[in-house]
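Subject: Structure for your review

Dear colleague,

Please find below the structure that I am handing over to you. My findings follow it, arranged by topic.

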Amino acid sequence: TRLQQIVRTGARLPRILQRLLPAALTREITEIYEEGLFPEEIRLRTGRSASVRTAGENRRLATVLERADMEALLLSFCEGSVYAHGETLREGFLTLPSGIRVGVCGRAVFSEGKFTGICDLSSFVIRLPRPTPPVGREICRLLYSFDFCRGILLFAPPGVGKTTLLRGVARELSGGEKPCRVALIDTRGELSFGLSDPHLLLDILSGYPRGLGISVATRTLSPDVIVCDEIGDLTEAGEIVGATGGGVPLVASAHGAGLRELLAKPGIRLLHESRCFGAYVGLSRAMVGFDYHYDIHTWEAADALL
């Protein structure tokens with residue numbers, strides 16, 4: 001497949017992780033790349049075996065990090081200042097360069113009834129952005145069939161590749177012979193990874209909360225389409241409804257194993273009742289290569305479930 005060709009012709013552990021991770025761990029992960037596989041996720045656990053997820057399987061590694069190692073690694077991830085990253089740490093993650101997101105797990109700390117941070121680190125979940133294969137054309141064709149009047153919501157459980165597909169959609173729409181103006185809302189600094197081609201008609205709003213980013217893009221950028229990741233919060237949904245009232249379609253993703261489960265979420269239900277999306281597309285990964293199966297539901301079919 002095209003993704004396997006990308007891996008064979010030079011994919012490797014991102015340079016920042018080569019610099020920050022222990023040498024023994026780096027060597028183990030490098031061997032996986034040399035097998036022609038692409039690690040999608042690295043999990044580091046205090047006092048337990050590290051592991052890597054690749055090709056849909058979990059591989060146990062020999063490396064075991066102790067508490068002092070994990071604390072030192074957190075400090076390195078935070079460039080020496082944990083305080084400066086307090087806001088995202090309270091949400092359970094850190095964002096590193098090159099579109100890398102690190103989930104941070106440990107014991108929750110509360111002050112006066114409010115969650116203030118994490119201590120006693122137990123694990124890091126390092127998500128590696130995949131080389132973006134040429135995917136997303138089916139979603140683009142669906143958007144064109146709506147004449148860009150209604151958006152599309154992609155849904156799947158975690159780990160299926162929703163973010164990778166959104167990158168492919170953004171690249172397909174903003175490139176080519178008849179490119180569209182695409183506004184990309186990159187809240188966590190990972191969605192825009194690999195979209196550096198100077199020929200793409202792409203405007204990136206990095207670090208914006210999704211609702212605010214969509215509102216700003218609608219008011220100031222005159223995009224043909226807006227792309228963002230992982231929507232679903234009820235407050236955020238209200239902001240999105242107001243923003244998409246300006247007539248700009250939204251291509252977004254949300255967590256959900258099935259359409260009924262998806263529509264049961266109050267935020268998604270609000271977006272549905274406001275007719276923000278013309279179609280809901282369930283995703284699953286093909287067994288061979290990096291490709292998707294699409295389960296497409298029109299707004300009318302989805303509404304019938306309610």
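**Strand S6 and its residues**

Ser123 is a residue of strand S6. The model is a predicted one, and in it Ser123 has a relative accessibility of 13%, so it counts as buried, the limit being under 20%. Setting aside residues up to four places away in sequence, Ser123 touches Leu44, Arg45, Met70, Gly103, Val104 and Cys105.

Cys119 also belongs to strand S6. Its relative accessibility is 22%, which makes Cys119 partly exposed. With residues up to four places away in sequence again left out, Cys119 touches Gly106, Arg107 and Val109. The C-alpha atom of Cys119 is 37 Å from that of Glu35, and 84 residues separate the two along the chain.

**Overall form**

The chain contains twelve helices and 13 strands. Its radius of gyration is 20 Å, close to the 19 Å that the globule rule gives for 306 residues; the chain is therefore as compact as a globular protein of that length. Along the principal axes, the C-alpha atoms fill a box of roughly 55 × 55 × 40 Å.

Of the 306 residues, 47% are buried. The chain exposes about 15000 Å², and carbon and sulfur atoms supply 49% of that area. Among contacts between residues at least 6 apart in sequence, 58% join residues at least 24 apart.

In soluble globular proteins, nonpolar side chains tend to be buried together. The largest nonpolar core here has 31 residues, of which Leu17, Leu21, Leu44, Phe77, Phe124 and Ile126 touch the most other members. Elements that give two or more residues to this core include helix H2 (15-20), helix H3 (23-34), helix H4 (67-77), strand S1 (39-45) and strand S6 (114-127). Another core, of 29 residues, lies apart from it, and has Val135, Ala156, Leu184 and Val227 among its members.

Phe77 touches Leu17, Leu20, Leu21, Leu94, Leu96, Val102, Phe124 and Ile126, not counting residues up to four places away in sequence.

**Ile240 in helix H9**

Ile240 lies in helix H9, which spans residues 234-244. With a relative accessible area of 0%, Ile240 is buried. Leaving aside neighbours within four places in sequence, Ile240 is in contact with Gly211, Ile214, Ile231, Leu250 and Leu271. Between the C-alpha atoms of Ile240 and Arg137 there are 25 Å, the two residues being 103 apart along the chain.

**Two positive phi values**

Most residues other than glycine have a negative phi. Phe148 has a positive phi, near 60°. This residue lies in the loop between helix H6 (137-145) and strand S7 (151-156). Phe148 is buried, at a relative accessible area of 15%.

Arg275 likewise has a positive phi, near 55°. The loop that holds Arg275 runs between helix H11 (266-273) and strand S12 (277-285). Arg275 is partly exposed, its relative accessible area being 44%.

With kind regards

Notes:
Residues are numbered from 1 along each chain as its sequence is written. This is a predicted model: local features need pLDDT of at least 70, side-chain atom pairs count only at pLDDT 80 or more; totals for chains, interfaces and linings use all residues. Side-chain values use heavy atoms; hydrogens and water are left out. Helices (H or I, at least four residues) and strands (E, at least two) are DSSP runs, numbered from the N terminus. The radius of gyration is taken over C-alpha atoms; the globule rule is 2.2 Å times the number of residues to the power 0.38. Buried means under 20% relative accessible area, exposed over 50%, partly exposed in between (1.4 Å probe, protein chains only). Contact means heavy atoms within 4.5 Å. Accessible areas come from the Shrake-Rupley method with a 1.4 Å probe; for residues, only the protein chains shown count as cover. A nonpolar core is a set of buried Ala, Val, Leu, Ile, Met, Phe, Trp, Tyr and Cys residues joined through side-chain atoms within 4.5 Å.
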